[in-house]
Amino acid sequence: MRLNKLLPGLLFILLIYGCGAPNVLTNAKTEAETYETAGNFVAALAQWKSFIESTPLEQIAGADFAKAAKLAFKAGDSETAKSWFDQARYKNFADAEMYQTLSEIYRSEGNLSKELSALESYSEKFGSDNATVNERLFQLYAEISSWEKANELWGKMNEASKQTENNLGTYLEVNKKLENNAICDSVATALLSLNPDQPEALDWLATKYYWAGQERYEVEIEKYERNKTRKQYALLLKELDQVTADFKKALPYLEKLWAQKPGKEYASYFVNIYARFGDEKKVDFYQKYLFQ
């Protein structure tokens, strides 16, 4: 009889405790979001940890793991963020911010292969409209010498990204590797409009005009040596005028390069140019650098 009187009280206590645990866990999530809104990421992370550690794994949604992981990254805990992102993926959850955050984590760690994988997954799953993702993918493909893929990504980048000196410099390198010389000419010109002292663009145009003149000179001299007629000599003089014009185009670029880096690398260009111009004083000046 006494037991019967106690049963209702026991049931009431059990009911309170049974309902209390979910409320506490729900409150932990709410508190986490409150702290996050206030910018207190460390406190928010502590609440997420409390929620995740106190909840059976099968009861935690993939979206919650992903949300907690993004917060962990903001709080500076990349290892916890990666662990929770793994759980989110295990539960077949994925969103764009998840992969972008993962890419940022791997970039901070210097793990290029995983960063690349995260960004490629982003593009495959969520399209190629994200300017930040496209720009980083472009740079990564160039960094790993995947020139064709980098060139393809260039077409997906927005106009603002295409106008930065860093991206144009990379695009110049990509097209040099792909031997797209006409594109290199236009990119180098665009680079110099942004930065008149950009060394890769200066080098491209300097060597372009120098070798145009030098190769023309060698071809025409060889023709004349094989056929030393008055007519051939007249043709030689005409072509040498073009050689001179090419060398004069090369000189301003070479002079800027020399100002940046005087020495053996560019001395031979000056020696040959001024030898063609008959300027022995300048030939002697630059020639001494050839033996340094």
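A salt bridge is a side-chain nitrogen of Lys or Arg within 4 Å of a carboxyl oxygen of Asp or Glu, and this structure holds 20 of them. What you see is a predicted model, where local features need pLDDT of at least 70, side-chain atom pairs count only at pLDDT 80 or more, and totals for chains, interfaces and linings use all residues. Residues are numbered from 1 along each chain as its sequence is written, and side-chain values use heavy atoms, with hydrogens and water left out.

Let's start with the overall build. The chain has 15 helices and zero strands (DSSP runs numbered from the N terminus: H or I of at least four residues for helices, E of at least two for strands). Its C-alpha atoms fill a box of roughly 135 × 35 × 30 Å along the principal axes.

Now for some of those salt bridges. Lysine 74 pairs with glutamate 36, their closest N and O atoms being 3.1 Å apart. Lysine 74 sits in helix α3 (residues 62-74) and glutamate 36 in helix α1 (residues 2-37), so this pair ties together parts that are 38 residues apart in sequence.

Other pairs stay inside one helix. Glutamate 222 and arginine 226 meet at 3.1 Å, N to O; they are four residues apart in helix α12 (residues 199-226), or about one helical turn. Glutamate 222 is partly exposed, at 47% relative accessible area, while arginine 226 is exposed, at 60% (buried is under 20%, exposed over 50%, partly exposed in between, with a 1.4 Å probe and protein chains only). Elsewhere, salt bridges that share partners join Lys70, Asp95 and Glu97 into one network.
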